[in-house]
Amino acid sequence: AFYDTLSGLLFAQWRARQREGRALDVAAVLREGMGALGLALTPDELAECLRRHFRSSDESAMLHPDALPTLCELRAAGWTLGLISNSIWPATCHDATLARLGIRDLFAVRLYSADAGYQKPHPAIFQQALAALRLTPAEAVYVGDRLDADIAGAHAVGMRGILRVVPYRVEASAEIIPDARIETLAELPALLARWSAAEGGTP
């Protein structure tokens, strides 16, 4: 009964939200699904449900070898870092994982679609991140590994977009052209330094 109810709600809400670029929040699905089963959850019980459901994702999460050195190098160079992620899980789940991996506090802003209400490429989630960082689109660069969600979304609000190429993913779109492509995160600091120098500015 639990599986049928929750999986049915997840699919129905995902399908409805996809049409509008709205985000799915698994916490809301859990609350509604448990209510339909006659189990009203207190806030603490809901938080515990989230932790238990997210546990396998947390335990399997790992960093690319160049992630931490690159983020530290960018911070040292004066760049302000933010994170936007499409996820059905809220910040309380993901932030704990990022803390375990040692990178949470490197990001001044961490925005997940479950909390933002919209998912990439919807402009709203990018605009929320820019507002939180107090940056204009021209002052920001977005790095992502999908043309449709990341690069198109960044371009729609006036940000530049850098595509990190994923070898096993075929990204074919004549309309979506990233401002640059990288194969590893380690390439990012030098690329941004060249852009900054060419524009006569600082991060």
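In helix H8 (residues 147-156), the buried residues are Leu 147, Ala 149, Asp 150, Ile 151, Gly 153 and Ala 154. Buried means under 20% relative accessible area, exposed over 50%, and partly exposed in between, with a 1.4 Å probe and protein chains only. Helices (H or I, at least four residues) and strands (E, at least two) are DSSP runs, numbered from the N terminus.

The model is predicted: local features need pLDDT of at least 70, side-chain atom pairs count only at pLDDT 80 or more, and totals for chains, interfaces and linings use all residues. Residues are numbered from 1 along each chain as its sequence is written, and side-chain values use heavy atoms, with hydrogens and water left out.

What covers the buried residues of H8? The cover includes H7, S3 and strand S4 (160-164). Contact means heavy atoms within 4.5 Å. After H8 comes Gly 158, with a positive phi near 95°.

Phe 126 sits in helix H7 (residues 123-133) and Tyr 142 in strand S3 (residues 141-144), 16 residues apart, so the pair links distant parts of the chain. Their ring centres are 5.3 Å apart and their planes are at 75°, so the pair is edge-to-face. Rings of Phe, Tyr and Trp (its six-membered ring) pair if their centres lie within 6.5 Å; planes under 30 degrees apart count as stacked, over 60 as edge-to-face and the rest as tilted. Both Phe 126 and Tyr 142 are buried. The whole structure holds two aromatic pairs.

Now the loops on either side of H7. Pro 121 is in the loop between helix H6 (113-116) and H7. A cis peptide bond joins Lys 120 to Pro 121, with omega about 10°. Arg 134 lies in the loop between H7 and S3. Arg 134 is not a glycine, yet its phi is positive, about 60°. Its relative accessibility is 76%, so Arg 134 counts as exposed.

Last, the setting. The protein chain has nine helices and five strands. Their order along the sequence is α-α-α-α-β-α-β-α-α-β-α-β-β-α. Of the 203 residues, 38% are buried. The C-alpha trace spans about 60 × 35 × 35 Å along its principal axes. Among contacts with a separation of 6 or more, 56% join residues 24 or more positions apart.
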